[in-house]
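Good morning, everyone, and thank you for coming.

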Amino acid sequence: MALMPVEEALARLLASAAPLPTERVPLMDAAGRVLAEPLIAHRTTPGADVSAMDGYAVRAQDAAELPATLTLIGESAAGRPFPDEVLPGTTVRIFTGAVMPIGADAVVIQEDTLREGNRVAIREAATPGRHIRRAGGDFASGEALLAPGHRLRARDLALAASADIAELSVYRRPRVGLLSTGDELVRPGAGAGAHQVILSNIYSVGALARAAGAEVTDFGILPDDMAATQAGVSSALAAGFDVLVTTGGASVGDHDLVAPALTAQGVALDVHKVALRPGKPLMFGTYAHAASVSHVLGLPGNPVSAHVCALLYLVPLLKALQGIEVPPCVPLKPARLATDIRANEMRMDFQRAQIVGDQDGLPLVRPLPVQDSSMLSVLARADVLLVRQPHAPAAKAGEPCEILPLED
């Protein structure tokens with residue numbers, strides 16, 4: 001079977017990913033969620049002209065020429081505006097955020113005045129509009145502040161609150177099930193023997209999924225037995241996850257049972273084996289049930305391969321399910337080589353690499369000396385993935401290259 005190009009596999013995966021249904025959530029619970037509707041301001045902010053400083057609200061013409069002394073007639077504080085008009089020759093004590101009194105068109109800051117009783121000497125000439133935040137200077141009622149498909153950050157919640165919005169329409173979080181396979185796997189802390197392997201994939205893959213906005217469920221470990229694998233796959237599919245992620249058993253060895261178990265349960269595999277290093281045994285399919293579709297992503301068992309494939313395929317899939325526009329290409333960034341590298345072979349290669357400096361405003365990257373797809377210590381030391389296109393020629397230190405950040 002010919003290996004599928006990396007970006008063709010990604011395009012196929014994304015083509016099947018329609019956004020999930022929407023729901024309304026309180027503003028306090030909206031961090032990290034993705035907007036399903038435009039964020040439209042319900043009020044104008046500021047709602048009136050307000051002072052940007054502590055000082056004195058004046059008619060600019062009364063304090064345009066110095067010396068000038070004005071009569072204090074009252075105070076305007078935030079939430080307690082001065083009720084009357086500033087007449088010629090008068091001033092009002094004003095505080096930051098307080099509404100400008102009628103008749104006043106400038107603020108003289110406190111440091112530029114000298115007060116004795118109800119007399120205020122102005123020591124810095126006033127100009128119209130000075131130290132005033134105009135009504136609507138931030139945004140106006142009815143203005144679109146954020147577009148659909150935007151993942152909400154902490155500062156976006158403050159914006160929504162100031163726009164008088166108490167709840168938001170967002171896409172439902174994708175539900176992800178993680179299913180591991182392999183007789184050799186045991187949980188961390190279980191006292192693994194020398195012949196066993198401690199389960200690690202679900203922790204990195206699960207963390208990437210949660211960071212992408214998903215709710216994650218660990219669905220357990222299946223033994224290398226066809227009946228048990230089919231039963232486990234059937235149970236996981238029946239649970240109705242939006243994405244079922246399997247790790248291990250994705251190749252073609254005698255103990256690689258996941259692909260036949262999936263097809264036996266009605267999963268239509270659209271992708272199986274990608275021209276990718278690490279991660280060739282990647283597979284992807286869909287499963288139709290109860291008027292909806294689950295996505296099934298089969299990751300390799302080697303932990304580095306699983307992490308790289310989750311970064312390349314699971315994270316974009318989860319974004320697309322939440323209404324985020326995702327281009328069907330790997331989001332590479334420019335860099336420069338810190339060392340010579342040899343020619344690449346037929347598969348797109350994602351080498352673990354470190355940033356060791358910069359040149360011409362671009363990061364200088366050096367691949368780590370060991371690239372074994374089982375070595376998590378190397379992955380943990382890496383800053384980025386150095387990406388080599390299929391059949392790329394050898395390259396010298398200082399030449400351009402492409403990288404993929406390890407953190408989305």
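This is a predicted model: local features need pLDDT of at least 70, side-chain atom pairs count only at pLDDT 80 or more; totals for chains, interfaces and linings use all residues.

Let me begin with helix α4, whose buried residues are T229, G232, V233, A236 and L237, where buried means under 20% relative accessible area, exposed means over 50%, and partly exposed is in between, with a 1.4 Å probe and protein chains only.

Residues are numbered from 1 along each chain as its sequence is written, and side-chain values use heavy atoms, with hydrogens and water left out.

Helices and strands here are DSSP runs, numbered from the N terminus, with helices being H or I of at least four residues and strands being E of at least two. Helix α4 has 13 residues and reaches 18 Å from its first C-alpha to its last, close to the 18 Å expected at 1.5 Å a residue, the expected span being 1.5 Å times one less than the number of residues. What do the buried residues of α4 pack against? They pack against β13, β16, β17, α5, β20 and β21, where contact means heavy atoms within 4.5 Å.

Next, the aromatic rings. Rings of Phe, Tyr and Trp (its six-membered ring) pair if their centres lie within 6.5 Å, and planes under 30 degrees apart count as stacked, over 60 as edge-to-face and the rest as tilted. By this rule the count comes to one aromatic pair. The ring centres of F219 and F241 are 5.6 Å apart and their planes stand at 90°, so this pair is edge-to-face. F219 is in strand β16, whereas F241 is in the loop between α4 and β17, 22 residues apart. F219 is partly exposed at 29% relative accessibility, while F241 is buried at 9%.

Now to the charged side chains. The structure holds 15 salt bridges, a salt bridge being a side-chain nitrogen of Lys or Arg within 4 Å of a carboxyl oxygen of Asp or Glu. One of them joins E167 and R24, at 3.0 Å from N to O, and this pair links strand β12 with strand β1, 143 residues apart.

R277 deserves a moment of its own. R277 forms a salt bridge with D349, with the closest N and O atoms 3.3 Å apart; because R277 lies in strand β19 and D349 in strand β23, the pair ties together parts that are 72 residues apart in sequence. R277 also forms a salt bridge with E345, at 3.1 Å between the closest N and O atoms.

Leaving aside neighbours within four places in sequence, D349 is in contact with R277, N344, L386, V387 and R388. D349 and V387 are 38 residues apart in sequence, yet 5.6 Å apart in space, C-alpha to C-alpha.
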